[in-house]
Amino acid sequence: MAIDAFIFQLVVLGLGLPLLVVALILAVGWRMWKPSVERHSDPTIASWALALGLSVSVVAIQGWPPVPAVVTNDWLLWIVLAAGLIGGITGWWQRRAFISTPLRMVAVGVVVYLTAGPLIQGADAIWWVGGLMLAIALVWLLIDFQSRGLPEPLSVFSLATAAGFGGMAVLLGGTAKLGQIGGVLGLAMGLLFLALALFPAKKATGAPATFHALVTSCLLLNGVWYAVYVPLWAAALVFVSPLAASVYFLPGIKHLPWWLRWGVAMLAVLILAGIGAAVCNFPPEAPVDESHGYGY
Amino acid sequence: MMKKLTLSLFSALLAFTCLPATAAETGEYKIDTVHSAVTFQIMHNGVNYVPGRFNKFDGKIVLNMEDPAKNELDINIDTASIYTGNMKRDEHLKGPDFFNTKQFPKATFVSKNIKLNEDESYSVTGDLTMLGKTNTVTLKIKMTGKNDGGDDLIVGGWGEFTLKRSLFGMDYGVGKIGDDVIVTMHIQAVKKK
């Protein structure tokens with residue numbers, strides 16, 4: 001039976017091929033045939049795997065973006081590639097905060113400005129853009145801080161969950177293309193989760209958090225400003241949901257068996273992200289327009 | 001879809017513009033949106049045409065009896081007013097996959113040339129702008145009537161045309177959802193005497 005062109009584009013090119021690219025880059029770059037060897041370049045490879053895989057998905061789903069960009073979505077491919085580059089750089093120089101911190105701040109500022117900037121006008125614009133930038137940077141910092149104490153697969157799971165539910169939020173809000181890209185990012189991070197769980201010697205370090213701060217945030221901001229109904233508070237709930245994994249450190253949880261601690265942390269993230277996404281499925285009823293008179 | 005709708009509206013306006021008229025009918029006509037409609041239909045799954053409409057639009061027709069070449073048609077459609085009878089589908093249509101109404105709240109048509117055909121219909125050529133892209137389109141319009149309403153002069157007409165939405169960058173779901181959109185417009189326009 002012939003595959004429908006629409007299904008081929010969305011499922012084969014938009015989903016299957018990107019995940020294959022991520023898996024291949026991880027397998028070759030991480031040298032899976034030497035599973036117990038940790039290499040300095042592992043986080044950089046993980047970052048590039050996510051970037052290249054997601055780039056394939058963005059191009060398959062949205063097409064090549066015009067230059068210069070016409071709509072905010074057109075920046076997404078470049079934001080994904082920039083996230084790969086920044087994740088790679090910060091992964092390579094993990095302990096050099098003087099390199100990674102300015103890079104991160106500039107990247108977050110650019111993402112917010114390009115995504116939300118065109119629709120935020122007037123005197124409040126600088127507060128909106130500045131506030132969003134600081135909020136995203138703060139969450140990025142907290143996720144980094146949290147990940148130092150969490151098992152790495154658990155940390156990646158929380159970010160994959162946020163990306164997947166972020167995609168669901170914008171999908172339910174009326175943006176199927178961005179929704180699918182969010183879903184692909186979530187599944188790509190899911191592959192990373194599996195690889196890290198199977199090969200504990202491998203490290204992704206800050207790569208998934210970079211994609212969360214730059215790409216998931218970009219998708220959610222697009223949802224808030226351009227989809228029909230993605231409330232800012234719901235998007236924020238999805239975005240901060242990885243921090244719910246901090247229940248892992250609570251005194252009452254600490255003494256549970258490891259699998260139960262993981263389960264509780266995963267559940268906390270799922271609940272928070274799930275609520276944020278589910279809200280987008282219930283837009284308020286539009287008021288009936290009676291502005292035009294009626295007569296013969 | 002929006003393009004089609006816009007084109008339909010344009011067509012109707014053009015039809016009005018092209019009606020045989022007297023010198024008294026020269027002037028600017030405003031579209032009576034209460035008695036007008038811009039509707040569209042698009043193939044779904046290769047099985048059935050699904051209809052929809054735009055609930056908000058406005059526009060004007062300028063009739064020039066001395067020099068028909070100076071007739072004009074100017075139409076604006078509020079893309080966020082799209083209505084297909086299903087709230088979730090309407091949300092999707094308003095989003096970035098289709099009309100991207102927050103970044104492109106209007107679709108416009110501006111006529112450039114109007115020609116009388118042998119079958120007494122009119123071919124109206126103009127620029128249709130939607131989603132930041134402009135394409136030249138030609139509408140075929142037929143007049144349905146005109147009336148002296150006392151204080152007003154009223155004209156009416158309808159037009160139908162087909163456009164390719166992908167030409168405007170609206171390519172979501174092509175294959176499952178048709179690329180060709182049939183736009184039908186029923187327009188009534190009024191001028192104060």
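Colleague: Over which residues of chain B does pLDDT stay under 50?

Modeller: Residues 1-12 of chain B stay under 50, pLDDT being the predictor's confidence in each residue, from 0 to 100. For that stretch the model has 79 contacts beyond four places in sequence; two residues are in contact if their C-beta atoms, placed from the backbone, lie within 7 Å. This is a predicted model, in which local features need pLDDT of at least 70, side-chain atom pairs count only at pLDDT 80 or more, and totals for chains, interfaces and linings use all residues. Residues are numbered from 1 along each chain as its sequence is written, while chains are lettered from A and ligands numbered from 1 in the order in which they are written.

Colleague: Staying with chain B, how do S7(B) and S8(B) pair?

Modeller: S7 (residues 106-116) and S8 (residues 122-130) of chain B are antiparallel, with 8 bridges; strands pair if DSSP finds at least two bridges between them. Lys115(B) stands opposite Ser123(B) in S8(B). The hairpin of S7(B) and S8(B) has 5 residues between the strands, and Glu120(B) there takes a positive phi near 70°.

Colleague: And what joins S8(B) to S9(B)?

Modeller: 9 bridges, with S9 (residues 133-148) of chain B running antiparallel to S8(B). Val124(B) is opposite Leu139(B) in S9(B). This hairpin has 2 residues between its strands, and Leu131(B) in the turn has a positive phi of about 55°.

Colleague: Switching to chain A, how many helices and strands?

Modeller: Chain A has 11 helices and 0 strands. Its radius of gyration, taken over C-alpha atoms, is 20 Å.

Colleague: What percentage of chain A is buried?

Modeller: 49% of the 296 residues. A residue is buried if 20 or more other C-beta atoms lie within 10 Å of its own, exposed if 12 or fewer, and partly exposed in between.

Colleague: Which residues have the most contacts inside the largest nonpolar core?

Modeller: Ile79(A), Ala169(A), Leu214(A), Val215(A) and Val238(A), in a core of 135 residues. Such a core is a set of buried Ala, Val, Leu, Ile, Met, Phe, Trp, Tyr and Cys residues joined through C-beta atoms within 7 Å. Helix H6 (residues 152-172) of chain A gives the most to this core, 13 residues. Not counting residues up to four places away in sequence, Val215(A) touches Leu54(A), Ile79(A), Val80(A), Ala83(A) and Leu185(A).

Colleague: Is Asn73(A) buried or exposed?

Modeller: Asn73(A) counts as buried because it has 24 C-beta neighbours inside 10 Å. Asn73(A) sits in the loop between helix H2 (42-62) and helix H3 (76-92) of chain A. Beyond four places in sequence, Asn73(A) touches Gln62(A), Leu178(A), Asn222(A) and Pro96(B).

Colleague: How many residues does each chain put into the contact?

Modeller: Chain B puts in 17 residues and chain A 22.

Terms used
Helix = DSSP H or I, 4+ residues; strand = E, 2+ residues; numbered from the N terminus. Rg over C-alpha atoms; globule rule 2.2 N^0.38 Å.
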